[in-house]
Amino acid sequence: QVFCDMDLGETWIREDKSISTTCSSLKQDGATQDRFYLTKEESADSIEASYCQMSKPGYDERNLKVESYDLGGGGSKVVLNVAIQSHTYSSRSPRQTITACQGARNYYNLKNSTLREDYEQIDMYEAFHKEDGVYTI
């Protein structure tokens, strides 16, 4: 691109750099948490949700990126969809009150969940633990 400063009468050329964000570039910029990030390998690529394991040593993209899902391809992928028939919760576990949109709700940690048999359960990574109601990535 050519730019011109009319006041100074100067003209200069600036090259467009590729717009990309990878697990490696995020880590080099200071990201430290293992989690999903929005990434884009090349400027022409669509945006992906990539799980980056920043706790691994180094900056090699093949080592850091565990999995990714294309977000520009028209749709999403269901990885967890469960229907709980019954559950208990520990009276010793603290209640959490979460306020959103001017309304408060109380939440307890689930324990001993029983899933409904008449419902198609989806747990793509078999990461939902019925004993404590936790989904682990």
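**Close-up views of a predicted protein chain**

**View 1. Overall chain.** Of the contacts (heavy atoms within 4.5 Å) between residues at least 6 apart in sequence in the protein chain, 36% join residues at least 24 apart. The model is predicted: local features need pLDDT of at least 70, side-chain atom pairs count only at pLDDT 80 or more, and totals for chains, interfaces and linings use all residues. Residues are numbered from 1 along each chain as its sequence is written, and side-chain values use heavy atoms, with hydrogens and water left out. The protein chain has two helices and 13 strands, taken as DSSP runs numbered from the N terminus (helices H or I, at least four residues; strands E, at least two). Of its 137 residues, 16% count as buried (under 20% relative accessible area; exposed is over 50%, partly exposed in between; 1.4 Å probe, protein chains only). The accessible surface comes to about 10700 Å², with 48% belonging to carbon and sulfur atoms (Shrake-Rupley method, 1.4 Å probe; for residues, only the protein chains shown count as cover).

**View 2. The open sheet β3-β4-β5.** Three strands in this order form an open sheet with antiparallel pairing (two strands pair if DSSP finds at least two bridges between them). The edge strands, each pairing on one side only, are β3 (35–39) and β5 (65–70). Neighbouring strands of the sheet are turned by 25° against each other on average, direction ignored (axes are lines fitted to C-alpha atoms, for helices over the stretch in contact; angles run from 0 to 180 degrees between N-to-C directions). β3 and β4 (residues 48–52) run antiparallel and are joined by five bridges. L38 has A49 in β4 as its bridge partner.

**View 3. Salt bridge between E48 and K65.** The whole structure holds four salt bridges (a side-chain nitrogen of Lys or Arg within 4 Å of a carboxyl oxygen of Asp or Glu). In the E48 and K65 pair, the closest N and O atoms are 3.8 Å apart. This pair links distant parts of the chain, with E48 in strand β4 and K65 in strand β5, 17 residues apart. K65 is partly exposed, at 24% relative accessible area.

View 4. D60 and R62 form a salt bridge whose closest N and O atoms are 3.2 Å apart. D60 is partly exposed at 36% relative accessibility, whereas R62 is exposed at 73%. The side chains of R116 and D118 meet in a salt bridge of 3.1 Å, N to O. R116 is partly exposed (32%) and D118 is exposed (61%). Elsewhere, salt bridges that share partners join E41, E48 and K65 into one network.
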